[in-house]
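Let us walk through a protein model step by step. Keep the sequence and the 3D view side by side as you read.

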Amino acid sequence: MNKEKIRIEYPMKGSANMIWRSIGTPLGLSTWFADRVETTGKTYNFYWGKSEHRAANLIAQRNGVYVRCKWEDEEQHNFFEMRITYNELVMQYMLEITDFAEKDEIEDVKINSIDAGNIVNVSFKDLRGEVLLHYLEDKNIYVAGGKTEN
């Protein structure tokens, strides 16, 4: 099935070095991207929970700037990339993520913001917050949930 290329940009707090440690090292990736990350040569193994596992091959990297990988179970032309850029207009580092997703998946999840201090603000379409909080609590992950009134 054809996936669409998506590019999302997130403002980041922190130095370029701190952000790089979050995207360019297995330890950094395991603080926000997956429960556990292991590398063997150019292969990254990502683990979520007790049973979910995906492997990706490093296809390009420039230390301090970007990492580009290809999931082993994806089509050849699909990749995901995490790139650090600097926006001079707002004088802030940005995390630019490029990925491929099914058309109906693109609007299901929205990451509102990411803080290099391991804080993620995220929204899920058609998922009640209480359900997510209880699921995470069962995995000994405790989070703050809330709603903004307009």
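Start with Phe46, which is buried, with a relative accessible area of 2%. Here buried means under 20% relative accessible area, exposed means over 50%, and partly exposed is in between (1.4 Å probe, protein chains only). This is a predicted model, where local features need pLDDT of at least 70 and side-chain atom pairs count only at pLDDT 80 or more, while totals for chains, interfaces and linings use all residues. Residues are numbered from 1 along each chain as its sequence is written, and side-chain values use heavy atoms, with hydrogens and water left out.

Now take the whole chain. The protein chain has 3 helices and 9 strands. Helices (H or I, at least four residues) and strands (E, at least two) are DSSP runs, numbered from the N terminus. From that end, the order is β-α-α-β-β-β-β-β-β-β-β-α. Of the 150 residues in the protein chain, 27% are buried.

Which residues of helix α1 (residues 16-24) are buried? They are Ile19, Trp20, Ser22, Ile23 and Gly24. These residues cover an arc of only 165 degrees around the axis, so they sit on the same side of α1. The arc is that of the directions from the helix axis to the C-beta atoms.

Next comes the core. In soluble globular proteins, nonpolar side chains tend to be buried together. The largest nonpolar core in this model has 20 residues. Such a core is a set of buried Ala, Val, Leu, Ile, Met, Phe, Trp, Tyr and Cys residues joined through side-chain atoms within 4.5 Å. Tyr44, Phe46, Cys69, Phe80 and Met82 have the most contacts inside this core. The elements that give two or more residues to this core are β1 (4-12), α1, β3, β4 (52-62), β5 (66-71), β6 (80-87) and β7.

Aromatic rings come next. The model has 10 aromatic pairs. Rings of Phe, Tyr and Trp (its six-membered ring) pair if their centres lie within 6.5 Å; planes under 30 degrees apart count as stacked, over 60 as edge-to-face and the rest as tilted. Phe33 and Phe46 make an edge-to-face pair, 5.1 Å centre to centre with 75 degrees between the planes. Phe33 lies in the loop between α2 (26-29) and β2 (36-40), and Phe46 in strand β3 (residues 43-48), so the pair ties together parts that are 13 residues apart in sequence. Phe33 is partly exposed, at 24% relative accessible area. Ring pairs also link Trp32, Phe33, Tyr44, Phe46, Trp48, Trp71 and Phe80 into a cluster.

Charges meet rings as well. The charged end of Arg54 sits over the ring of Trp71, 4.0 Å from its centre. The rule asks that NZ of Lys or CZ of Arg is within 6 Å of the ring centre and within 35 degrees of the ring normal. Arg36 lies over the face of Tyr47, at 3.9 Å from the ring centre.

Finally, look at strand β7 (residues 92-101), where Glu96 lies. Is Glu96 buried or exposed? Glu96 counts as buried, at 12% relative accessibility. A polar contact of 3.2 Å joins the side chains of Glu96 and Arg7. A polar contact is a pair of N or O atoms within 3.5 Å; within protein, one must be able to donate a hydrogen and the other to accept it, and residues adjacent in sequence count only if both atoms are side-chain atoms.
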